[in-house]
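Look over the fold below before reading on.

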Amino acid sequence: MKELLLALPAGQETGGRSRGLVPAHMAYRVGPGPKLLGIRLPQGLRGGLMLVDCAGFDGGGDPVECCRQILGECRRRSFRGIVCDFEGPPAGCLPRLVGTLDRNCSAQGWTLYVPECYAPHAPGARVLIPSVLTHGTLERRLCAALERYGPERTALAVEWVREDFPLPAQGRGAPLAQERLEEQIRRLEPAVFFDRGLCAHYYTYMAGPQAHFVLFDTPRSIREKLGLAQRLGVCAALLPQPEVEEHLEEIFGGGA
């Protein structure tokens, strides 16, 4: 795999660098205006990628000045790319913002990552394909993306999932904290299975008359997702640092 990114909360350190993981700094947001908002990073921090979200932004305004701010921050920090961690469908000026970043990143030789719904607006960007599924298989999902975007533009967005679904499962489930998941497994003693298609663990249980399905990840399932992406020729993956940090040895063994 050409690039393994680690979504790194602002100012935190990681042992992932020694394994070739590139930090994507979670310190930036598109705010009203729009303008670039940020959490203060250490003065001397350089390198890696900028990760910017748009939580709470309604899409109003002209994105030109915000794009200048984003690109200027990348030059100042020597970032070599941008991850647009935008949730929800494209809204307001965000497609224009993404398109402008795409053109400028291509001109600078930087890499831009975008969610799949923004792919039509950023033809040069790498497209983030979520690892979370409740039906079908991750292999089929990635193969479809590879056919549509090609291996150089397809990237896997790995999420360490812990979710509880009422059956039949639809959409996303209710998130579970790790402590809650562990307590539930101890209390219910369910039969836990590994679904090779989803590359995730699961169990079922009854809460009164309602059947539930719990889907969750472990270092093994994250390793399986990355191994599948590698075998299929996916060029990059984005990993969540808070969950994977203490499991790097289990996930990567001797190296990235």
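A disulfide is counted when a pair of cysteine sulfur atoms lies within 2.5 Å. This is a predicted model, in which local features need pLDDT of at least 70 and side-chain atom pairs count only at pLDDT 80 or more, while totals for chains, interfaces and linings use all residues. Residues are numbered from 1 along each chain as its sequence is written, and side-chain values use heavy atoms, with hydrogens and water left out.

**Cysteines**

A disulfide is a covalent bond between the sulfur atoms of two cysteines. How many disulfides does the rule give? The count is 0. Take C105. Its closest cysteine sulfur is in C74, and the gap of 6.5 Å is too far for a bond. C117 has its closest cysteine sulfur in C54, at 9.4 Å, which is also too far for a bond.

Next comes accessibility. Buried means under 20% relative accessible area, exposed means over 50%, and partly exposed is in between (1.4 Å probe, protein chains only). C105 is buried, because its relative accessible area is 1%. C117 has 34%, so it is partly exposed.

**Nonpolar cores**

A nonpolar core is a set of buried Ala, Val, Leu, Ile, Met, Phe, Trp, Tyr and Cys residues joined through side-chain atoms within 4.5 Å. The largest one has 34 residues, and L142, L226, L239 and F252 touch the most other members. Helices (H or I, at least four residues) and strands (E, at least two) are DSSP runs, numbered from the N terminus. Seven of these elements each supply at least two residues of the core: β1 (3-9), β7 (126-130), α3 (138-149), β13 (210-216), α5 (219-232), β14 (236-240) and α7 (248-252). The largest share, 5 residues, comes from α3.

What does L142 touch? Contact means heavy atoms within 4.5 Å. Leaving out residues up to four places away in sequence, L142 touches I129, L156, L228, A229, L232 and V234. A second, separate core has 31 residues, including I82, L97, C105 and W110.

Is β14 buried or exposed? Of its 5 residues, 5 are buried, so β14 is largely enclosed by the rest of the structure. In a regular strand the side chains alternate between the two faces of the sheet. In β14, A236, L238 and P240 point one way, A237 and L239 point the other way, and all are buried.

Strand β13 is largely enclosed too, because 5 of its 7 residues are buried. Two strands pair if DSSP finds at least two bridges between them.

| Strand pair | Bridges | Direction | Opposite residues |
|---|---|---|---|
| β1 and β14 | 5 bridges | parallel | L5 and L238 |
| β8 (154-157) and β14 | 3 bridges | parallel | L156 and A237 |
| β9 (162-166) and β13 | 5 bridges | antiparallel | R162 and F216 |
| β12 (200-207) and β13 | 7 bridges | antiparallel | T204 and F213 |

β12 and β13 form a hairpin with 2 residues between the strands, where G208 takes a positive phi near 65°.

**Helix packing**

Two packed helices are described by the angle between their axes and the distance between the axes. Axes are lines fitted to C-alpha atoms, for helices over the stretch in contact, and angles run from 0 to 180 degrees between N-to-C directions.

Start with α3 and α5. Their axes come within 11 Å and cross at roughly 35°. The contact is made by L138, E139, L142, C143 and L146 of α3 and K225, L228, A229 and L232 of α5. A crossing is left-handed if the near helix is turned anticlockwise from the far one by less than a right angle, and right-handed if clockwise. The crossing of α3 and α5 is right-handed.

Now take α1 (residues 64-77) and α2 (residues 94-108). They pack at an angle of about 35°, with their axes 10 Å apart. This crossing of α1 and α2 is right-handed. From α1 come V64, C66, C67, I70, L71 and R75, which meet R96, L97, T100, L101, N104 and Q108 in α2.

**Two single residues**

Q241 lies in helix α6 (residues 241-244). Q241 is buried, because its relative accessible area is 4%. Beyond residues up to four places away in sequence, Q241 touches L6, A7, L8, P9, Q12, E13 and T14.

L21 lies in strand β2 (residues 21-31). At 4% relative accessibility, L21 counts as buried. The C-alpha atoms of L21 and P219 are 16 Å apart, and these residues are 198 residues apart along the chain.
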